[in-house]
Amino acid sequence: MENTLQLVRNIIPPLSSTKHKGQDGRIGVVGGCQEYTGAPYFAAISALKVGADLSHVFCTNAAAPVIKAYSPELIVHPVLDSPGAAHEVEKWLPRLHALVVGPGLGRDDALLENVKGILEASKARDIPVVIDADGLWLVAQQPALIQGYRKAVLTPNHMEFSRLYDAVFRGPVDSDDRHGSVLRLSQALGNVTVVQKGEHDILSDGQQVLVCSQEGSSRRCGGQGDLLSGSLGVLVHWALLAGPEKTNGSSPLLVAAFGACSLTRQCNHQAFQKHGRSTTTSDMIAEVGTAFSKLFET
Ligand SMILES: NC(=O)C1=CN([C@@H]2O[C@H](COP(=O)(O)OP(=O)(O)OC[C@H]3O[C@@H](n4cnc5c(N)ncnc54)[C@H](O)[C@@H]3O)[C@@H](O)[C@H]2O)[C@@H](O)CC1
Ligand SMILES: Nc1ncnc2c1ncn2[C@@H]1O[C@H](COP(=O)(O)OP(=O)(O)OP(=O)(O)O)[C@@H](O)[C@H]1O
Ligand SMILES: [Mg+2]
């Protein structure tokens, strides 16, 4: 654990007076629909709190005013249910360092079709993508969408992992072999990075398997996974900028994922110390700054 945390510290860009706005990360979150406005908000604000300079949300028309009202810090584009959605997002891609696809996206077929176009455009531009929540639903329907794309990181929870595994192997996960299951899924998808969240997070790039057991708490309120995927959007950008020489030969994306898991769990731990059973994801987001310092700036 400690050795991998040191690698995470190596990829964090120093704060400096000579940098311009945007240099430390311009992140896009694709998600947010009529039902779910919290999830894309949690992901996008987490990216900012971790250290990105700009955070965009690409959501449906109905979700946009709600997300804007949560926060003046986010840039919100109500484009996801428009006929030219993929093109609208594509226009922004040259200005983005990473995309987080899926938090609060929902499973409407027309929306998923638009997101498919966005994923294809991102791949064509070599933009790293973190795929979470309903983005994973889409990938389970069409694994070919991310097959072999080495700049993809998937962050499934228990159910999402089972669904993906079943889609790829046409059979259930062997629950006695979580390490092997994560490794095999990553390999079968052409070495995309897979982060299986749970009591311990299991991470693999198809070569290495890491386990993150940073102490969290027993509080399992919704939205913690969104904090993880939003944070990971920034860390993926930083890790790719730093390159494998800073990660001692380990995959930069794997190191970034380990960082996001550790941070999320540490936020959960700190928030639980203060709020106990009433802890919610907003309380965890309030801990991002101190959790980050404790883990990565010591
Ligand atoms: N405030 C919000 O707007 C939130 C919206 N969310 C969104 O809600 C949508 C659906 O996400 P879900 O995560 O519910 O996805 P799923 O619809 O795939 O459901 C996962 C289900 O599995 C269950 N589960 C989780 N861990 C389990 C385990 N270890 N064993 C057995 N069951 C387990 C959960 O209770 C949940 O009902 C996504 O778009 C997601 O982003 C969530 O992110 C939570 C917060
Ligand atoms: N049993 C557990 N013990 C400790 N930490 C856990 C446990 N289960 C999940 N976590 C942590 O909670 C975070 C979110 O994981 P979870 O499985 O709740 O994601 P999710 O279902 O996608 O969340 P969301 O509600 O945001 O969609 C991860 O950082 C994970 O490490
Ligand atoms: Mg989730």
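The model is predicted, so local features need pLDDT of at least 70 and side-chain atom pairs count only at pLDDT 80 or more, while totals for chains, interfaces and linings use all residues. Residues are numbered from 1 along each chain as its sequence is written, ligands are numbered from 1 in the order in which they are written, and side-chain values use heavy atoms, with hydrogens and water left out.

Let's start with the core. Of the 298 residues of the protein, 58% count as buried, meaning under 20% relative accessible area with a 1.4 Å probe, protein chains only. A nonpolar core is a set of buried Ala, Val, Leu, Ile, Met, Phe, Trp, Tyr and Cys residues joined through side-chain atoms within 4.5 Å. The largest one has 58 residues, and Leu 74, Leu 203, Leu 232, Leu 263 and Phe 296 have the most contacts inside it. Helix α10 (residues 252-275) gives the most to this core, with 11 residues; helices here are DSSP runs of H or I, at least four residues, numbered from the N terminus. Apart from it lies another core of 39 residues, including Val 30 and Ile 202.

Now for the ligand. Ligand 2 is surrounded by 15 residues, each with a heavy atom within 4 Å of it. The table gives polar contacts, which are pairs of N or O atoms within 3.5 Å.

| Protein atom | Ligand 2 atom | Distance |
|---|---|---|
| Asn 157, polar side-chain atom | oxygen | 2.9 Å |
| Gly 198, polar backbone atom | nitrogen | 3.4 Å |
| Gly 225, polar backbone atom | oxygen | 2.8 Å |

Methods:
Buried means under 20% relative accessible area, exposed over 50%, partly exposed in between (1.4 Å probe, protein chains only). Helices (H or I, at least four residues) and strands (E, at least two) are DSSP runs, numbered from the N terminus. A polar contact is a pair of N or O atoms within 3.5 Å; within protein, one must be able to donate a hydrogen and the other to accept it, and residues adjacent in sequence count only if both atoms are side-chain atoms.
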